[in-house]
Amino acid sequence: MSACEDPDLDSDGRFLPSKLGTKEHWDTEYKRELHTFLEYGDPGEVWFGEESTARLLTWLQKQKVPLDASILDIGTGNGLLLVEMVADFLSAPEELLGFDLCVDKGTLDAISLDPNCAAKKRQEYLASLRRVLKDNGHFVITSCNWTREELICQFAEGFTFLEELPTPKFSFGGRTGSSVTALVFQKKH
């Protein structure tokens with residue numbers, strides 16, 4: 001098996017199907033969260049925990065990313081803006097061009113669980129990312145489905161791996177691991 005093969009995929013290159021990979025699931029979740037926000041003021045789930053935001057902000061400060069940098073939050077979780085204005089990243093519109101930084105917290109994970117054409121949608125995701133990100137722009141991804149090595153393979157074409165951001169570790173059965181992977185890439189020019 002080559003280093004870039006996905007051992008947890010079926011013979012067609014798909015993760016096992018999950019409702020987490022369907023648009024219907026996320027539409028229902030966001031509708032429920034919007035109702036909860038409007039009714040009780042609760043902004044909903046903080047995906048990957050509050051430390052994921054702190055991790056990104058620490059990296060941005062360390063890199064001295066200017067305050068006027070253009071940043072695209074791919075998928076944006078339960079971002080209320082997207083409830084009102086939805087753009088499909090897999091077929092990114094022309095006006096989504098020239099970002100200095102793109103951030104993904106779980107969107108590729110959900111796409112990878114799609115029961116229909118996940119491998120094709122991952123390719124569309126990569127094509128859209130290459131299109132919207134400026135040359136030498138940065139891409140920060142947080143994933144709970146993909147390992148460091150798998151993500152490096154996924155983005156090998158067109159991106160340079162820069163660093164792994166620290167994530168909480170755990171030990172089990174004498175081995176140490178992480179339930180979340182957070183990596184930084186730079187788009188090649």
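Biologist: Which residue stands opposite Asp104?

Modeller: Ile141 in β3 stands opposite Asp104. This is a predicted model, where local features need pLDDT of at least 70, side-chain atom pairs count only at pLDDT 80 or more, and totals for chains, interfaces and linings use all residues. Residues are numbered from 1 along each chain as its sequence is written, and side-chain values use heavy atoms, with hydrogens and water left out.

Biologist: How do β2 and β3 pair?

Modeller: In the parallel sense, over 6 bridges. β2 covers residues 99-105 and β3 covers residues 133-143. Two strands pair if DSSP finds at least two bridges between them.

Biologist: What is the strand order in the sheet?

Modeller: β1-β2-β3-β7-β4. The sheet is open, has 5 strands and shows mixed pairing. β1 (71-74) and β4 (159-164) each have a single partner strand, so one side of each lacks a neighbour in the sheet. From one strand to the next, the twist averages 20°.

Biologist: How many helices and strands are in the chain?

Modeller: 6 helices and 7 strands. Both are DSSP runs, numbered from the N terminus: helices are H or I with at least four residues, strands are E with at least two. From the N terminus on, the elements run α-α-β-α-β-α-α-β-α-β-β-β-β.

Biologist: Which strands does α2 lie across?

Modeller: β2, β3, β4 and β7 (181-187). α2 runs at about 160° to β2. Axes are lines fitted to C-alpha atoms, for helices over the stretch in contact, and angles run from 0 to 180 degrees between N-to-C directions.

Biologist: And α5, which strands does that helix lie across?

Modeller: α5 (residues 118-132) lies across β1, β2, β3, β4 and β7. The angle to β3 is about 135°.

Biologist: Back to α2. Is Arg55 buried or exposed?

Modeller: Arg55, in α2 (residues 50-63), is buried yet has no salt bridge. Buried means under 20% relative accessible area, exposed over 50%, partly exposed in between (1.4 Å probe, protein chains only). A salt bridge needs a side-chain nitrogen of Lys or Arg within 4 Å of a carboxyl oxygen of Asp or Glu. The nearest side chain of opposite charge, Glu51, is 5.4 Å away. For charge, Lys and Arg count as positive, Asp and Glu as negative; His and the chain ends are not counted.

Biologist: What is Arg55 in contact with?

Modeller: Leaving aside neighbours within four places in sequence, Arg55 contacts Thr142, Leu165, Pro166, Thr167, Pro168, Val180 and Ala182. Contact means heavy atoms within 4.5 Å.

Biologist: Now the largest nonpolar core. Which residues touch the most other members?

Modeller: Cys102, Tyr125, Leu129, Phe139, Ile141 and Phe155, out of 23 residues. Such a core is a set of buried Ala, Val, Leu, Ile, Met, Phe, Trp, Tyr and Cys residues joined through side-chain atoms within 4.5 Å. α5 gives the most to this core, with 4 residues.

Biologist: What does Leu129 touch?

Modeller: Ile74, Phe89, Cys102, Phe139, Phe155 and Phe159, not counting residues up to four places away in sequence. There is also a second, separate core of 9 residues, which includes Leu56, Trp59, Val103 and Ala182.

Biologist: Why does Glu157 count as exposed?

Modeller: Because its relative accessibility is 60%. Glu157 is in the loop between α6 (148-154) and β4.
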